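Please look over the sequence and the model before reading on.

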Amino acid sequence: TLRELLFQRNLEVEIMVESENCIQAPFVDLRFDGMSVSCFMILHNHAVQNEQASVMLKKYCPSLNNGNVPEESWDLIHEDLLSTHFDTFMVPEYDYPLLPLPGKIFPVTVKHLETPNQVYISIGPRRDVESDSDTDDSGISYEPEDDLEQALRELNQNTEALALLTDFRSEMPCLAEYSDGRWYRAKVLSLAKVQPLMILVQHVDFGSTASLPDYRLRQIPAHLVTYPVRAIKVKLAGFKPPALMNDMDRLVYSPDWSMEALWTMVDIVQGNQLTAFLVKKVLQIWICKE
């Protein structure tokens with residue numbers, strides 16, 4: 001409702017309470033066609049009255065309590081909210097595969113690295129296919145002869161039928177367009193930017209994230225959510241960042257680690273068969289040279 005009311009409309013703004021701290025946002029009243037947004041939301045039971053704003057509401061909503069506000073004089077269009085363009089079918093969140101019991105050795109593939117000791121893995125041996133992880137910087141691909149891959153392949157052959165995503169709540173499953181033009185499973189993390197609208201999403205089968213415009217997101221068919229995610233975030237046991245790194249280039253998002261350490265880990269895991277076992281809640285990984 002608020003999107004239909006406010007998006008790309010010219011509004012009047014009155015500062016009701018100025019903020020003493022410039023970091024904090026001031027309290028303002030928005031009005032469209034002379035009508036207070038606050039009054040409109042309360043009148044239609046989308047919100048309740050704030051006691052601190054009672055003086056403001058009496059000033060701008062004198063007939064709010066008796067329901068005599070002349071709605072027919074408001075220049076509002078709500079029909080678009082009922083359009084199928086805005087329907088987002090509710091789907092459950094993704095499931096995660098269970099890790100083997102502690103102490104049991106199992107094969108893994110590193111799909112993505114956040115830091116040298118926090119990585120995304122998938123359970124199972126590495127297969128000789130082109131780009132089965134993003135550690136080789138050659139794009140995204142799935143293993144052949146796989147039910148999920150077959151479903152995604154069929155979906156990518158008829159992308160025109162995919163509906164736009166209109167629900168951007170956190171953890172919302174969706175499809176995201178990758179740089180190769182194909183659509184892959186993802187989930188919404190947060191709103192990255194408003195103007196222009198950019199949504200931060202994570203590719204759930206690889207662990208990597210991307211900030212995408214809304215037109216590169218689509219609703220995901222319910223049957224694709226039934227497959228557990230392929231990328232599991234784990235912390236590697238046995239090492240941590242050094243206390244001193246002198247003037248080395250550091251990761252912007254994790255300054256405890258150097259860029260050199262991250263690229264060293266990429267070189268270690270790329271193209272190697274890995275095995276792992278669970279140590280309490282921390283994973284230990286071995287590297288087997290081929």
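In what order do the five strands of the open sheet lie, and is their pairing parallel or antiparallel? The order is S9-S8-S7-S6-S10, and the strands pair in the antiparallel sense. In general, strands of a sheet are held in pairs by backbone hydrogen bonds, which may run parallel or antiparallel. Ala-176 is placed opposite Tyr-184 of S7.

The model is predicted. The protein contains six helices and 13 strands. It has 290 residues, of which 39% count as buried. Its accessible surface amounts to about 17,900 Å², and carbon and sulfur atoms account for 52% of this. Of the contacts between residues at least 6 apart in sequence, 56% connect residues at least 24 apart.

The mean pLDDT of the protein is 78, with 74% of the residues at 70 or more. Confidence is highest in strand S6 (residues 173-177), with a mean of 95, and lowest in helix H3 (residues 54-60), with a mean of 57. Two further stretches call for caution. Over residues 65-69 pLDDT stays under 50, and the model shows six contacts beyond four places in sequence for them. Over residues 78-84 pLDDT likewise stays under 50, with eight such contacts beyond four places in sequence.

**Aromatic pairs**

Two of them are set out below.

| Pair | Centre to centre | Angle between planes | Arrangement |
|---|---|---|---|
| Tyr-184 and Phe-206 | 6.2 Å | 90° | edge-to-face |
| Phe-239 and Trp-257 | 6.0 Å | 80° | edge-to-face |

Tyr-184 belongs to strand S7 (residues 183-193), whereas Phe-206 lies in the loop between strand S8 (198-203) and strand S9 (209-213), so that the pair links parts of the chain 22 residues apart. Both Tyr-184 and Phe-206 are buried. Together with Tyr-178, these two residues form a cluster linked by ring pairs.

Why does the pair of Phe-239 and Trp-257 count as edge-to-face? The planes of the two rings meet at 80°, and an angle over 60 degrees places a pair in that class. Phe-239 and Trp-257 both lie in the loop between strand S11 (232-235) and helix H6 (259-269), and the pair therefore ties together parts that are 18 residues apart in sequence. Phe-239 counts as partly exposed because its relative accessibility is 34%. Trp-257, by contrast, is buried, with a relative accessible area of 7%.

Nonpolar side chains tend to be buried together in soluble globular proteins. The largest nonpolar core here comprises 18 residues, and those with the most contacts inside it are Val-108, Val-110, Leu-113, Val-119, Ile-121 and Ile-285. At least two residues of this core come from each of strand S4 (106-115), strand S5 (118-123), S11, H6 and strand S12 (273-279). Another core, of 14 residues, lies apart from the largest one and includes Val-91, Leu-175, Trp-183 and Val-204.

Note on methods
Residues are numbered from 1 along each chain as its sequence is written. Side-chain values use heavy atoms; hydrogens and water are left out. pLDDT is the predictor's confidence in each residue, from 0 to 100. Helices (H or I, at least four residues) and strands (E, at least two) are DSSP runs, numbered from the N terminus. Contact means heavy atoms within 4.5 Å. Buried means under 20% relative accessible area, exposed over 50%, partly exposed in between (1.4 Å probe, protein chains only). Accessible areas come from the Shrake-Rupley method with a 1.4 Å probe; for residues, only the protein chains shown count as cover. Rings of Phe, Tyr and Trp (its six-membered ring) pair if their centres lie within 6.5 Å; planes under 30 degrees apart count as stacked, over 60 as edge-to-face and the rest as tilted. A nonpolar core is a set of buried Ala, Val, Leu, Ile, Met, Phe, Trp, Tyr and Cys residues joined through side-chain atoms within 4.5 Å. Two strands pair if DSSP finds at least two bridges between them.
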